[in-house]
Every structure is written in structure tokens, then in C-alpha cells.
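Subject: Structure for you to look over

Dear colleague,

Here is the structure I said I would pass on. My notes on what was found in it follow below.

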Number of protein chains: 2
Amino acid sequence: MKKVGVALLGVGTVGGGTYNILKQKREYFKKTQNLDVEVMHVLERNLDRTRELGISDDIVSCDIDNVINNKDISIVCEFFGGIEPARTFLIKALEAGKSIVTANKELFSKHWPELQEAAKKGNAGLYFEASCVGGVPIIRTITEGLQANEIKSMQGIINGTTNYILSNMSDSGVSYEDALKEAQRLGYAEANPTADVDGFDAMYKISILSTLAYHKRVPISRVYREGMTNIKSEDINYGKELGYTLKLLAISKNIDGKIEARVHPAFVKNNNPLATVKGSFNAVLLNGDSVGDIMLYGRGAGDFPTGSAIVSDIIYAAQRTEPYNYIIEETTDEDFNNDFFCRYYLRLSVVDAAGNFATIADVLGKNNVSIRQVVQKHSDDDTNTVPIIIVTHETKESDIQKAIAELVEKNNCVMNVDALIRVAQ
Amino acid sequence: MKKVGVALLGVGTVGGGTYNILKQKREYFKKTQNLDVEVMHVLERNLDRTRELGISDDIVSCDIDNVINNKDISIVCEFFGGIEPARTFLIKALEAGKSIVTANKELFSKHWPELQEAAKKGNAGLYFEASCVGGVPIIRTITEGLQANEIKSMQGIINGTTNYILSNMSDSGVSYEDALKEAQRLGYAEANPTADVDGFDAMYKISILSTLAYHKRVPISRVYREGMTNIKSEDINYGKELGYTLKLLAISKNIDGKIEARVHPAFVKNNNPLATVKGSFNAVLLNGDSVGDIMLYGRGAGDFPTGSAIVSDIIYAAQRTEPYNYIIEETTDEDFNNDFFCRYYLRLSVVDAAGNFATIADVLGKNNVSIRQVVQKHSDDDTNTVPIIIVTHETKESDIQKAIAELVEKNNCVMNVDALIRVAQ
């Protein structure tokens with residue numbers, strides 16, 4: 001039986017979940033994987049926490065050299081999050097020939113090439129299944145299950161916090177602010193929710209997943225990012241009337257060798273399998289040229305789901321005789337498409353007067369924006385404006401932006417563009 | 001770059017799809033996988049077919065020894081289906097040290113131990129991702145993505161033909177016979193549909209998937225199997241009224257070390273993610289003790305989706321330095337639970353007279369069957385019987401069978417048990 005020594009850097013929520021799985025399942029892994037996985041060192045300042053987990057003080061320290069210099073440790077799992085000291089410690093470990101396992105999407109999306117280089121130097125492996133979509137083995141699906149395919153596109157709900165908030169707004173009609181507070185109360189959102197609600201977390205993940213899927217580097221600087229803090233309940237409701245559900249989507253496409261990647265709120269048709277993904281669940285819909293559409297669905301966060309991905313990576317790493325070889329082309333401007341095609345949902349405050357809709361339609365038409373659906377609402381207030389909702393056909397982002405600028409600046413019939421939300425297909 | 005020689009045994013629908021993917025993507029695999037995959041021999045009688053695919057006559061024959069004796073061929077892909085000659089040919093190939101890739105669920109579910117032994121003898125690998133759920137990498141998900149988990153249960157729509165028929169019956173209200181004819185016309189069902197509609201295909205697949213998931217042999221003889229040929233439109237409609245969708249489900253569970261596995265029609269609640277799986281799509285919902293619920297969804301059949309799984313297996317096999325080692329415990333009676341717990345939907349023809357419902361409730365109660373929901377319909381015909389629909393709480397299969405026997409034999413109030421359909425949870 002192969003024996004594998006593991007170090008855990010940090011035993012907070014996910015690190016603790018990982019420790020528990022490794023402890024509880026040691027015999028199970030011997031039996032089912034022919035593998036004896038032993039936690040040999042834990043880097044953690046908080047001794048209350050390590051003692052609560054039942055970890056002997058003998059294997060706890062704050063010195064990374066206790067890990068690097070231990071020849072029996074071949075796999076290092078990192079749970080610090082953020083860039084430093086994770087980056088420095090993991091590079092040290094890789095150069096010393098130890099494979100790394102991590103859920104650190106920020107580090108990985110920002111420093112993958114550097115980590116790759118250190119891995120090459122030490123002939124060690126990089127495993128980061130847990131960095132994207134928690135327990136759902138989306139990375140292994142791409143690298144070991146869909147290799148036959150050129151992956152053409154990816155659409156995902158890959159942030160549980162925002163999906164919880166949007167589901168709550170949609171089901172209960174509460175405002176963004178109230179839904180956020182509720183999510184914070186339940187522990188689904190952090191006190192400072194920026195990483196989630198402004199789309200950073202989803203941006204890190206779609207950068208990693210797109211890089212793997214297209215075999216081309218998709219750095220975060222190439223990912224268009226728009227958060228959900230400005231979403232209004234009334235747009236969720238108008239969307240419902242039109243047969244749409246609002247989600248924070250991560251989308252990427254690889255069309256004729258040009259990649260586009262983006263994170264933003266988007267309406268999806270109610271019959272899109274992503275529309276039914278509720279609460280803190282995540283899902284990713286992939287399209288491969290041979291397999292067609294394929295969807296993975298599951299828990300995107302949490303100590304045990306993410307621990308599941310971490311431990312599965314440990315086992316995968318331990319059973320490989322050679323590190324996994326990610327073949328990724330570096331990219332330039334040429335590889336990206338920044339002016340993407342999309343349908344758009346517009347909510348305009350329009351002065352309630354004859355001829356105004358014709359004016360709007362004219363401005364849109366001149367800018368190559370063609371109208372697919374219109375809803376005009378009656379207004380009971382005394383502002384003399386009415387909301388008009390327009391869903392466009394597929395339109396270039398640059399064209400819709402030009403049309404909007406013209407509507408607002410050059411016309412006195414449109415008082416305001418209250419919402420511009422993309423519509424996924 | 002690693003060079004890999006492949007033989008294709010048969011180039012029908014899936015074999016032809018595989019050939020096309022390998023041919024069209026040869027450069028792509030060199031670039032993205034650092035692998036040069038070449039088809040070096042094709043076993044096929046039908047020269048019209050091989051010529052149509054553009055395969056040179058030089059590498060086509062009907063003699064397996066042309067494959068076995070070719071030292072440059074390291075992977076043999078089989079597309080014959082059925083037991084012979086696939087079994088004999090693949091055992092020969094394995095013993096000669098060639099890894100095999102196959103979509104043959106019947107062969108694999110019936111002869112896995114024998115193939116495993118031949119593989120061990122030749123130090124060759126067994127790869128059969130394509131045997132279950134077409135292009136969806138469900139096997140790799142279990143073996144390389146969820147190793148950290150003890151998988152507790154599996155529920156799947158793993159036969160596209162029956163799902164197409166049931167979706168059509170449900171959406172259009174047509175009878176089973178008409179839906180079958182339509183499926184046959186469109187090529188979703190075969191002229192002899194037995195393998196699909198009687199549940200054999202799903203039984204082979206759930207046997208393979210359960211064996212992998214639980215690391216214990218689940219032979220087909222242990223899978224309870226009931227087809228869908230007796231399903232009536234009216235039960236689909238009554239189910240709808242109760243908030244259920246009817247599916248042909250493959251279910252297996254591993255509870256306290258006891259396994260149960262079954263294939264039968266089952267109602268699923270409309271909010272179960274499986275309820276929305278329509279047409280010829282497939283989906284599998286797994287529950288792991290760490291990851292929780294996870295679902296995979298995609299095309300379960302077709303030349304390109306299945307070809308995707310075959311070619312992904314070829315790449316996976318070619319990149320391994322050692323064959324994948326399936327660790328599976330052999331099983332005895334002790335490992336299985338045959339008297340499963342389930343909710344049941346019953347449709348009874350009951351004589352329309354006072355006190356009859358009380359009699360029925362009494363018989364059910366005495367047999368430990370407790371009622372969860374009842375719908376009594378008014379009948380306009382002159383038979384003096386009315387349909388009563390009962391959904392039970394969780395009940396032992398043996399108890400419901402006893403109750404039914406008693407209702408029919410010993411009572412003159414129940415004229416007939418028109419339907420007994422399990423309700424999944």
C-alpha cells in the first residue's frame with residue numbers, strides 16, 4: 001500500500017473539513033484506494049482550533065520549513081486564501097518537489113504561470129479542483145472527461161452567495177439590501193461582501209476554467225466584470241413576466257479562435273437548466289463540439305463539499321506517477337474578442353407623450369439594435385414618465401452602448417436608462 | 001510527443017463517430033494533449049461503410065489477429081455490442097497487453113471480473129466511460145472526482161429512449177404505443193425496443209455505476225428490473241395533478257453497508273432536478289457523504305456524444321503510465337437489501353359504495369402501509385366503480401405487496417389494482 005504524507009496550511013473552515021475527512025476516512029481510503037493518507041504537519045497559529053480538531057500539538061507549527069524539510073510529506077494543501085503568504089509557501093513547496101492542492105482561486109488565477117514554473121522545477125503537480133465550484137469536479141471533467149472535445153462555451157452560476165441573494169430576491173420579492181443582510185445573517189455572505197457581489201470570485205473562477213477548457217491563457221484582465229449591487233427587484237419582476245430568471249452568470253466562449261469571458265447579471269430563459277439552480281447551489285453548462293451540452297450541478301462552497309474536492313485532489317495527486325501536464329498556450333490581444341454579441345434587456349423612463357416610442361425605436365434602429373420584445377407599463381405616479389421595457393435581438397455591446405448614449409444625451413423623451421441587463425442564450 | 005496506435009472493432013454509428021473525431025482532431029490532440037493518436041486497424045465486414053468514412057482498405061480486415069499481432073496498436077476500441085465475439089476479442093487483446101475502450105454495457109456488466117483478470121494478466125487497462133450515460137463523464141466523476149466520498153445513493157435517468165417516450169406521453173398526452181412508434185420513426189427507439197423499454201439497458205448501466213460507486217460488485221442479478229410497457233397516460237396525468245413527473249429511474253443505495261439497486265418507472269416531485277430532464281437527455285443525481293447532492297446532465301447516446309466518451313477514454317488510457325486499478329469487493333447475499341423502502345402510488349378501481357374507503361384504509365393500515373395522499377375521482381361510466389388514487393408514506397415493498405394481495409383477493413370492494421408505481425424521494 002502506498003503511504004502519502006500530507007501537510008495542511010491552515011485549518012479554518014475548509015482546512016478543518018479536509019482534516020476531518022482525512023481522519024474519518026483513513027481506513028476507507030486504504031480499502032478503496034489502496035492508499036494510506038496521513039496528515040504529518042499542520043501550519044496554524046490558532047492552537048485552540050487545532051486542539052478542537054484533535055490534532056496533536058507535536059505536528060502543529062507556524063514555520064513552513066517544517067513542511068518543506070519533511071521528506072515524508074509529498075503533498076501540501078493550502079487553505080490561507082489570498083496571495084501572501086500562500087504564494088511564497090506554495091512556490092517553496094513546489095520547488096522542493098511537493099505537489100500542491102489548493103482552493104485558492106485568487107492566487108491561481110493571478111499567479112498560475114509562476115506556480116507552473118516552480119512545479120516544473122521541482123517535477124511536482126498542481127491540483128486546484130477545489131478552487132472552482134466547490135465539490136463539483138468540474139476541472140476533472142474538463143481535463144479527464146471531455147478531452148475529445150473542443151469546448152465552445154461555458155455558462156455558469158459559480159458563486160453561491162450571489163445566487164442565494166438573487167434566488168431570495170426573486171422568490172420573496174425583497175430588495176438587494178435586505179437579501180444581502182439575510183445572507184450575511186445565515187453565513188452565506190461575508191461581512192465585506194465585495195468579492196462575491198462585485199463578481200471578483202466568479203471572475204477568478206471563469207478565468208481558471210476558461211484557461212483549462214480552451215487550452216489558452218485567459219487572465220482575469222481579459223474577463224469583463226460587472227457586479228449585482230445595482231439590481232432592482234422590479235427588474236427581476238419584469239423579467240419574470242417575460243419568462244426569464246435573473247442570475248449572476250459567468251460566461252465564456254471560444255468562437256473561431258477568439259475568446260470572450262465575462263461575469264455579469266443576466267436573464268436566462270426559464271427553460272434553461274440554469275434557471276432552476278436555486279439558493280447556494282452552483283451549476284456549469286458546457287458545450288463541447290462532440291458531446292453537445294453537458295451540465296454539472298452541486299454545492300459550490302462549504303467545508304465538506306470543498307473538502308471533498310481537496311481530498312479527491314490529494315488522492316488523484318498521490319496515485320499519479322507523473323504530475324498532470326496542463327498544456328496551455330499563452331495569449332495576446334489577437335486571441336480575444338472584446339465586443340461581444342448579446343441580447344439586452346433595457347428599462348427606460350420615458351416621457352409619456354405621443355411619438356416617443358417611435359423616436360426610441362428609430363435611435364435603436366440607426367445603431368443596429370433590433371427590438372425583440374416590448375412592454376410598456378402604465379404609471380400611476382405624477383412624474384409624467386412611464387417605464388418601457390425592451391428586449392433586443394442579438395446586438396453588439398458597442399452598438400447598444402452607442403444607442404443608449406444617444407437616447408440619453410440627444411433626446412428629451414428618455415429621462416433615464418434605469419436598467420441594462422444582458423440576456424443569455 | 002507520445003504516439004498511440006488504435007484499433008477500431010466495428011465502425012457502425014458510434015465506431016464511425018469515433019473514427020471521425022480521431023481523424024478531424026488529430027492535430028488538435030497533438031497540440032492540446034501532446035499525443036498523436038492514429039487509427040492503425042479497423043475490423044469491419046462492410047467495406048462500403050469503411051470507404052464512406054474514408055478508411056484505406058489496407059487497414060481494414062475481419063481478422064482479430066491483425067490487431068493482436070500489431071505491436072504498434074496499444075488500445076483496442078470495441079463497437080460490436082452484445083457478448084460475442086466482443087468478449088473473446090477483448091480478452092485476447094487484454095492478454096496481449098492492449099488496453100481496451102468500449103461502450104459495451106451488456107458485456108461489461110456481465111463479464112467484468114473475467115475482463116479484469118485478462119487485464120491483470122496482460123498489465124492492460126479497462127476503460128468503459130462510454131458504456132454509461134453516453135458523453136457524460138459519469139465514470140470519471142466517480143473514479144477521479146469523488147474519491148473522497150462514500151457515495152450513499154444514485155438516482156438516474158440513464159436511458160434516453162424511455163425518457164423520450166415518457167416526455168412525449170407527458171407533454172402530448174399520447175399513449176405508450178403511439179409514443180413508441182414516434183420514437184421508432186425518429187430513430188430514438190429500435191425496431192425491437194425490448195432492451196430499452198423493459199429496462200435491460202438501464203439495468204446494465206446501474207450495475208456498472210453502482211459497482212464503481214460502492215466499490216462492491218453489484219451484478220445484474222441483484223438489480224430489480226421493471227419496464228415501462230404497462231404505463232398508462234392516465235397515471236401520468238394523475239401524477240401531474242399531484243405534482244409529480246413520471247420517469248424510468250435507475251436507483252441504487254448503499255445504506256449501512258447494504259446495497260439495493262433497481263430500475264423501474266417512478267414518480268419524481270416536480271422540484272427534483274431530474275423532473276426537468278426532457279426528451280433523450282440523461283441525468284444522474286449522486287449523493288456523497290462529503291459533497292452532498294451532485295448532478296450530471298447531458299446526452300446519453302448518439303454517435304458524437306458517445307464518441308466523445310470513447311475518444312476521451314483513449315486519451316486517458318494513452319496518458320496513464322499504469323492501468324487504472326479498480327478496487328472492488330466481491331459480494332454475497334449479505335451485502336444486499338432486497339426489501340426496499342419506498343413511497344407508492346396506487347390506482348384502484350373501487351366499487352362506489354359507502355364504507356369502501358374505510359375498508360381499504362383498514363387493509364392498508366393492518367399491513368403497515370400508511371396513507372399520505374388520496375384522490376377520489378368521480379366516474380361517469382356505468383360500471384359502478386370509481387378510481388381512487390393513493391400515495392403512501394414510506395413502506396416496505398413486502399408490506400405493500402401483501403396489502404395489495406389482500407385488497408384484491410379478500411375484499412369485494414376493490415375490483416382491480418390498475419397501477420402500482422413507486423414514488424422516488
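Strands, as the word is used here, are DSSP runs of type E with at least two residues, numbered from the N terminus. Under that definition Lys253(B) lies in strand E9 of chain B, which covers residues 244–255. Please keep in mind throughout that this is a predicted model.

To stay with Lys253(B) for a moment: its relative accessibility is 23%, so the residue counts as partly exposed. Neighbours within four places in sequence left aside, Lys253(B) is in contact with Lys152(B), Ser153(B), Tyr214(B), Lys258(B), Ile259(B), Glu260(B), Arg262(B) and Phe341(B). Gln319(B) is 66 residues from Lys253(B) in sequence, and the two C-alpha atoms are 33 Å apart in space.

The sheet in chain B

Chain B has an open sheet of 6 strands with parallel pairing, in the order E3-E2-E1-E4-E5-E6. Its edge strands are E3 (60–61) and E6 (126–127), each of which pairs on one side only. Strand E4 (residues 73–78) and strand E5 (residues 99–102) of chain B run parallel and are joined by 4 bridges. In one of these strands, E5(B), Thr102(B) is the bridge partner of Glu78(B).

Two helices of chain B can be described against this sheet. Helix H2 (residues 26–33) packs on the sheet and touches strand E1 (2–9) and strand E2 (35–43) of chain B. The direction of H2 makes about 140° with that of E2(B). Helix H5 (residues 86–95) of chain B also packs on the sheet, touching E1, E2, E4, E5 and E6 of chain B. For H5, the angle with the direction of E4(B) is about 165°.

Salt bridges

How many salt bridges does a search of the whole structure find? Over all chains there are 64.

In chain A, the side chains of Glu234(A) and Arg347(A) meet in a salt bridge at 3.4 Å, N to O. Glu234(A) belongs to helix H12 (residues 233–241) and Arg347(A) to strand E13 (residues 341–351), so this pair ties together parts of chain A that are 113 residues apart in sequence. Glu234(A) has a relative accessible area of 38% and is partly exposed, whereas Arg347(A), at 6%, counts as buried.

In chain B, Glu84(B) and Arg87(B) form a salt bridge through their side chains, at 2.6 Å, N to O. Glu84(B) counts as partly exposed at 42% relative accessibility, and Arg87(B) counts as partly exposed at 24%.

Also in chain B, Asp201(B) forms a salt bridge with Lys205(B), with the closest N and O atoms 2.7 Å apart. These two residues are 4 residues apart in helix H11 (residues 200–214) of chain B, so about one helical turn separates them. Asp201(B) counts as buried at 11% relative accessibility, and Lys205(B) counts as buried at 4%. In chain A, salt bridges that share partners join Lys3(A), Arg26(A), Asp36(A) and Glu38(A) into one network.

The interface of chain B and chain A

The contact takes 43 residues from chain B and 43 residues from chain A. Between them the two chains bury about 3900 Å², 55% of it on carbon and sulfur atoms. Within chain B, the residues that lose the most area to chain A are Gln147(B), Ala148(B) and Tyr297(B), together 14% of what that side buries.

Across it the rule finds 2 salt bridges. Asp289(A) forms a salt bridge with Lys25(B), where the closest N and O atoms are 2.7 Å apart. On the side of chain B that touches chain A, at least two residues each come from H2, helix H7 (138–145), strand E12 (292–299) and helix H13 (303–319) of chain B.

From chain A, one residue to look at is Ser308(A), which is found in helix H13 (residues 303–319) of that chain. Is Ser308(A) buried or exposed? Its relative accessible area is 0%, so Ser308(A) is buried. Apart from neighbours within four places in sequence, Ser308(A) is in contact with Ile21(A) and with Leu146(B), Ala148(B), Asn149(B), Ser290(B) and Val291(B).

Regards

Conventions
Residues numbered from 1 in each chain as written. Chains lettered and ligands numbered in written order. Predicted model: local features only at pLDDT ≥ 70, side-chain atom pairs only at ≥ 80, totals over all residues. Heavy atoms only, no water. Pairing = 2+ DSSP bridges. Contact = heavy atoms within 4.5 Å. Axes fitted to C-alpha atoms, helices over the stretch in contact; angles between N-to-C directions. Salt bridge = Lys/Arg side-chain N within 4 Å of Asp/Glu carboxyl O. Buried < 20%, exposed > 50% of the residue type's maximum accessible area, 1.4 Å probe, protein only. Buried area = accessible area lost by both parts, 1.4 Å probe.
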